Amino acid sequence: FSFSALSQKDATLPYLSMAKAVSLRAWASPLRICILGHGLGGLAALVLKLKPNARIWGVEPDPKFLAYHKKNPVPRIRISNDTAQRFLARHHRKFDVIFDDIFVWQGKDGARPEDCCDIAAAVRGKLKGGGIYVRNTIPSRGNARLLTLDIEKAFPFFFTRAFREFENKLI
């Protein structure tokens, strides 16, 4: 996988920054992780390197990615063919960490779909106590601040960790 203009080597760096969220605190085993916008699974692969016993639920509606995962299953990763909104509304489990990596490619630019700009409250309801929410805002177009207003409403505080032109929000 790649971020188009970035090289293959550089493409994993923003995800490594996000994946390190699993190391921010001590966790009971096994760690339950949800990745909204699972894609090809690059973030999941990095998380499993850091926490090999983690159980990952990847949420992905794109048929191309679903076909890839059907041909290349990974132990400890369960793929759900669903949108983030439907998954959060229907799924009964709570998670230690939720990664929000929802975006679509529009030419060479990644952009967050408009219908995914207000899901932080639903995410909060799916986090265990002390859980962590990480959102990749990828603001190649538009204002990252606008992409995080729902986070400010749903969570009493958050901090930002910037990585090059990428901005990751850790709650």
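The structure is a predicted model, in which local features need pLDDT of at least 70 and side-chain atom pairs count only at pLDDT 80 or more, while totals for chains, interfaces and linings use all residues. Residues are numbered from 1 along each chain as its sequence is written, and side-chain values use heavy atoms, with hydrogens and water left out. The protein chain has six helices and nine strands, where helices (H or I, at least four residues) and strands (E, at least two) are DSSP runs numbered from the N terminus.

**Overall make-up**

- Of the 171 residues in the protein chain, 47% are buried; buried means under 20% relative accessible area, exposed means over 50%, and partly exposed lies in between, with a 1.4 Å probe and protein chains only.
- The accessible surface of the protein chain comes to about 9000 Å², and 54% of this surface belongs to carbon and sulfur atoms; such areas come from the Shrake-Rupley method with a 1.4 Å probe, and for residues only the protein chains shown count as cover.
- Among contacts (heavy atoms within 4.5 Å) between residues at least 6 apart in sequence, 63% join residues at least 24 apart.

**Nonpolar cores**

- The largest nonpolar core has 21 residues, and those with the most contacts inside it are Ile33, Leu43, Val47, Ile56 and Phe99; a nonpolar core is a set of buried Ala, Val, Leu, Ile, Met, Phe, Trp, Tyr and Cys residues joined through side-chain atoms within 4.5 Å.
- At least two residues of this core come from each of α1 (8-19), β1 (32-36), α2 (42-50), β4 (95-100) and β7 (127-136), with α2 giving the most, namely five residues.
- Not counting residues up to four places away in sequence, Ile56 touches Ile33, Ile35, Ala44, Val47, Leu48, Arg76, Ile77 and Arg78.
- A second, separate core of 19 residues includes Val59, Leu88, Tyr133 and Ala154.

**Largest pocket**

- The largest pocket holds about 600 Å³ of space; a pocket is an open set of points on a 1 Å grid over the protein atoms alone, where a 1.4 Å probe fits, with protein on both sides within 12 Å along at least five of seven lines, and its volume is the space filled by probe spheres set on the points, which are joined across faces, edges and corners.
- This pocket is lined by 30 residues, of which Gly37, Gly39, Glu60, Phe65 and Phe103 lie nearest its centre, lining residues being those with an atom within 4 Å of a point.
- The elements that give two or more residues to the lining are β1, α2, α3, α4 (84-90) and β5 (104-106).

- Leu66 lies in helix α3 and is buried, with a relative accessible area of 17%; not counting residues up to four places away in sequence, Leu66 touches Glu60, Pro61, Ile79 and Asn81.
- Leu66 and His38 are 28 residues apart in sequence and 9.5 Å apart in space, C-alpha to C-alpha.
- Val74 lies in the loop between α3 (63-71) and β3 (77-80), and counts as partly exposed because its relative accessibility is 40%; the C-alpha atoms of Val74 and Gly41, 33 residues apart along the chain, are separated by 9.3 Å.
- Arg76 lies in the loop between α3 and β3, where Arg76 has a positive phi of about 80 degrees although it is not a glycine; its relative accessible area of 38% makes Arg76 partly exposed.
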